[in-house]
Amino acid sequence: MREVLTVLSDMLRKGEITSQELTEKYISAVEEVNPQINAYVHTTFDFAREGAKKADEMLKAGNAGALCGIPMALKDNICSDGHLTTCCSKILRGFRPYYDSTVWSKLKSEGAVMLGKANMDEFAMGSTSESSCYGAPLNPRNTSHVTGGSSGGGAAAVCANIAAYSLGSDTGGSIRQPASYCGVVGLKPTYGAVSRYGLIAYGSSLDQIGPITNSVKDAALVFDAIRGVDENDDTSVDYNYGGPSANALTGDIKGLKIGVAEEYFDGINPEIKDAVMDAVKLYEKNGAEIINVRLPILKEAMPVYYIIACAEASSNLGRYDGIRYGYRADNYEDIDDMIYCTRSEGFGREVKHRIILGTYVLSSGYYDAYYKKACILRNNIIKRFDDIFNTCDVLIAPNAPTTAPKLGHHGASAVEMYLSDICTVPVNITGIPGISVPCGTDKAGLPIGMQILGKRFGENTILNAAYFYEKTAVSPVKEYEGGVRI
Amino acid sequence: MKYEMVCGMETHIELATKTKIFCGCTTEFGGAPNTHCCPVCTGQPGSLPILNRRVVEYAVRAGLAVNCKINNNSHMDRKNYVYPDLPKAYQISQFDEPICEHGYIELDSGKRIGITRIHIEEDAGKLVHEQGTTYIDYNRGGVPLIEIVSEPDISTPEEAREYAEKLQLIMRYVGISDCKMQEGSMRCDVNLSLRPVGTTEFGTRTETKNINSLSNIVKAMNREIERQEDILESGGHIVQATMRYDANTDEIYPMRTKENSDDYRYFPDPDILRFTIPQEFVDETKANLPELPSAKLRRYIDDMKLPESTARDIYKYRRVSEFLDDTVKKGANVKNTANLIIGGIYSTLETEEDKERFDIKITPEKMAGLVKLIDDKKINKNKGQETLMKMLESGDDVTKFIKAEDTAGMSDEDLAKICEAAVAANPDAVENVRNGRDKAINVIFGYVMRETRGKADMGKVNKIIRGLIG
Amino acid sequence: MALSKEDFDKLAVLSRLRFSPEEAEEFRNEMDDIIAFADTINNAVSGGTDDIKNTSVNAVAYTALREDAVRESLPNEKILSNVDGSRGFFNVKRCVK
């Protein structure tokens with residue numbers, strides 16, 4: 001695997017290239033490649049050039065961090081002051097936040113260079129990024145296939161080397177699943193490890209920002225830069241990781257207790273199952289202990305997830321009324337009518353679906369049967385995972401039942417699409433961290449992803465387990481031939 | 001048929017914190033539109049609320065002051081409804097775990113009005129409609145409120161008024177709000193229904209919202225009772241509705257009903273952690289509560305022996321009562337102090353608001369300095385009042401207006417001499433008094449007061465003069 | 001359970017969304033599938049407690065809450081930067097269809 005950030009950081013620090021030169025390379029690459037894959041929906045090249053200039057000054061001054069001067073992308077739901085941030089929804093057309101998200105503010109102060117905002121499912125609601133109002137991003141591995149979602153644009157940009165890394169958000173798998181479809185690394189941190197301030201909310205108790213990168217080491221470096229308690233996010237946690245996670249990567253997995261639950265493999269494409277089980281064997285061969293665990297509760301996770309996510313979304317998305325930002329309908333009778341028209345015209349189909357479902361499960365008469373029940377089951381799932389992590393250090397599972405499907409494939413049934421998230425949602429329900437690493441390709445050459453899950457704030461353990469695999473496995477996925485190659 | 005009223009009240013009180021409930025914006029009243037705002041209180045996408053600790057502390061104080069039980073665990077809920085003054089389309093409030101529950105307020109009659117709960121929540125912004133355009137200002141959006149919900153224990157409009165008045169005074173005493181109904185920092189909603197006397201089932205109730213003065217509570221309720229009586233008498237049914245009382249026309253009418261019956265879809269706000277209120281903190285707050293209005297009134301009447309009307313005139317303004325207490329602590333006589341406040345200071349404070357604010361130039365120390373001269377009979381009450389007015393004007397100490405020689409003791413012989421001179425100088429008056437026109441004696445008294453510059457003890461003067469006139 | 005037309009209409013009002021009759025019908029049918037899917041939680045084997053609060057994070061003592069100290073508000077131009085404001089206000093003009 002290519003440790004892009006380490007390499008670029010070294011080059012920048014040694015003066016082999018300036019951030020401004022590197023940024024121009026990336027800008028050219030975006031201009032060349034993006035029309036083929038639609039990974040970026042807004043570019044901020046002038047801002048990137050300014051950022052690069054500042055980064056060069058920091059580099060010259062010798063106080064630059066690991067990410068200084070390196071061009072990257074933010075998902076289109078992460079706010080940055082003065083730049084379009086639209087959640088790929090018509091309803092946020094033209095919206096420019098007037099404040100920085102905490103993650104961007106941290107990266108900016110480290111000298112990060114933002115190239116633009118990456119494509120995604122509208123309001124992060126989807127698994128293919130096809131609900132974007134700007135059209136779907138295409139999988140650089142095969143452009144007739146989806147990137148996955150919802151952080152599809154960010155995964156595609158990293159895969160196609162038109163962003164050195166990107167930040168995505170993961171509510172039910174939205175970082176890990178597109179990372180696996182595109183053959184890159186995606187880390188969904190522990191709920192509370194990274195501030196959500198400035199992340200436009202979908203499901204507030206599930207959302208978490210995390211990196212999409214070319215390698216595990218890169219993921220650790222970005223995680224180190226963005227994590228930490230934030231006075232602007234009550235749910236952020238002051239956790240002491242005992243130093244940078246990037247320093248915790250030893251590749252030593254001797255004695256690591258790896259849990260494998262057969263329920264995670266139910267209905268999984270055999271090619272994927274084999275690839276992941278091969279990986280498990282590789283761990284075992286190198287001194288890890290494999291423990292078979294049972295997770296019958298897993299099948300409850302999907303409806304629990306959709307009920308909670310949609311309930312929160314229906315409330316979070318109430319604010320898009322055309323009054324303070326974004327789209328406003330052209331024709332209306334009065335203010336009430338304006339709100340109806342704006343919302344009916346501004347939201348896409350899938351978003352309306354989830355708003356209606358969320359409203360339904362919270363409405364009087366149904367609250368107990370759906371929302372409350374889902375919360376109770378959620379607690380049970382949390383307890384079950386706690387139990388498992390009392391005996392196991394990590395869990396290994398596939399990332400998705402299939403590799404990246406063809407564009408338009410999921411159009412048929414909403415429920416079918418929901419079920420494709422089965423492997424990823426338990427992590428969000430329980431708040432634990434999960435990482436997706438490439439683990440081979442299927443017959444069609446599409447990447448397969450393996451998921452490694454850990455206990456809350458167990459990022460170092462899962463990163464190290466992933467790092468071992470990346471170092472040890474034989475060429476899990478080939479490099480994309482395009483974009484900025486180093 | 002005769003009907004009786006069943007009524008409960010919901011009272012919203014804006015808390016006097018420095019900052020809003022979920023962000024650091026100021027709560028200061030006024031300001032140009034949308035200048036006390038930030039991403040949080042305007043509901044910018046991606047912004048998150050951070051609960052203000054003082055809001056919790058104030059709610060605990062409010063609850064303890066009205067005999068509530070404080071929940072040691074609490075959390076915030078979202079109340080979802082769409083309205084342009086509510087920027088997130090949900091109000092962050094509390095549903096099933098309010099900070100306070102099960103309290104009461106005791107009326108003068110001894111009757112208790114139960115308090116169901118007190119919870120914290122955020123205020124909405126302000127809408128202005130002008131020629132077809134709606135203008136929206138979010139300066140008030142996010143200002144912290146407590147909502148105090150009473151039991152349906154109120155039986156007359158007068159009880160409702162007294163309940164609200166007591167609540168207002170208590171909240172002012174514990175210092176959590178100025179409770180100005182005109183400015184909207186205290187707003188009352190009245191839930192009211194009628195039922196035939198002797199029955200126990202509740203009738204259909206209406207809610208009259210945002211009544212903006214104590215006297216309007218009574219007026220609005222009287223109108224609503226009449227309205228409901230008329231409907232019931234003519235065989236009609238009361239429709240559950242939200243009413244608005246127009247104080248200018250003294251009319252009550254139903255507000256435009258919304259398309260849907262409200263379904264607020266409360267659920268715990270995932271952005272805000274549950275919080276605990278340790279019992280030690282509750283106990284400490286309770287121990288540190290200031291003397292409450294009812295206790296103060298009892299003390300004024302029972303311990304300090306003030307006449308009830310005087311005691312009430314003082315205790316109903318927190319700052320005044322504190323001023324009185326502090327002045328008495330400095331050694332002044334309570335009755336003389338109270339009389340000077342009511343007879344003197346109040347004459348300079350025209351409105352209720354002025355009295356409530358009690359923005360005067362003299363300190364309790366200075367006040368005590370003056371009152372003690374009266375207590376010691378070194379000056380008389382008239383002189384005291386006159387001097388007080390001068391002190392209130394300039395803020396100066398009493399010594400600036402009354403010199404030491406003015407208050408130096410006057411021997412009885414000196415006083416007798418002056419009295420003799422007064423009688424000699426006013427033969428007409430003496431004649432008149434002897435002829436039974438007793439009022440004429442004031443002319444002679446006036447002479448003595450002029451000569452003694454007001455420091456003569458009128459009791460003695462009266463005795464001497466009458467002796468001389470015979 | 002299937003979603004009645006009345007129920008759907010009520011949800012649409014609460015959500016401030018409008019649908020054409022055809023759209024509503026199509027949506028309602030799809031919603032039935034989704035609700036049936038959501039209904040599967042009612043077959044869930046696991047029992048549970050009644051405490052639904054605090055699913056992902058622990059409670060904090062009130063002392064950890066934000067201190068009541070003023071932070072400067074943003075200038076009005078920023079607050080209104082995403083709209084055509086008027087005299088410092090957000091505004092919605094009436095306009096005729």
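Colleague: What is the relative accessible area of B:Asp108?
Modeller: B:Asp108 falls in the middle class, partly exposed. The limits are under 20% relative accessible area for buried and over 50% for exposed, with partly exposed in between (1.4 Å probe, protein chains only). The value computed for B:Asp108 is 48%.

Colleague: What kind of model is this, and how are its residues and chains labelled?
Modeller: Residues count from 1 along each chain as its sequence is written, and chains are lettered from A and ligands numbered from 1 in the order in which they are written. Side-chain values use heavy atoms, without hydrogens and water, local features need pLDDT of at least 70 and side-chain atom pairs pLDDT 80 or more, while totals for chains, interfaces and linings use all residues, as this is a predicted model.

Colleague: With which residue does B:Lys166 form a salt bridge?
Modeller: A salt bridge here is a side-chain nitrogen of Lys or Arg within 4 Å of a carboxyl oxygen of Asp or Glu. For B:Lys166 the closest N and O atoms are 2.9 Å apart, and the partner is B:Asp108.

Colleague: How many residues apart are B:Lys166 and B:Asp108?
Modeller: B:Lys166 forms its salt bridge with B:Asp108. The pair links distant parts of the chain, B:Lys166 in helix 2 (residues 157–173) of chain B and B:Asp108 in the loop between strand 6 (100–106) and strand 7 (112–122) of chain B. Helices (H or I, at least four residues) and strands (E, at least two) are DSSP runs, numbered from the N terminus. The separation is 58 residues.

Colleague: Is B:Lys296 buried or exposed?
Modeller: B:Lys296 forms a salt bridge with B:Glu291, the closest N and O atoms being 3.7 Å apart. B:Glu291 is partly exposed at 30%. B:Lys296 has a relative accessible area of 5%, so it counts as buried.

Colleague: Which helix holds both C:Arg28 and C:Glu25?
Modeller: C:Arg28 and C:Glu25 form a salt bridge with closest N and O atoms 3.2 Å apart. C:Arg28 is buried at 16%, whereas C:Glu25 is partly exposed at 35%. The two residues are three residues apart, about one turn of the helix, and that helix is helix 2 (residues 21–39) of chain C.

Colleague: Where is confidence highest in chain C?
Modeller: pLDDT is the predictor's confidence in each residue, from 0 to 100. Chain C averages 82, and 79% of the residues score at least 70. Its lowest mean, 82, belongs to strand 1 (residues 60–61) of chain C, and its highest, 96, to helix 3 (residues 76–79) of chain C.
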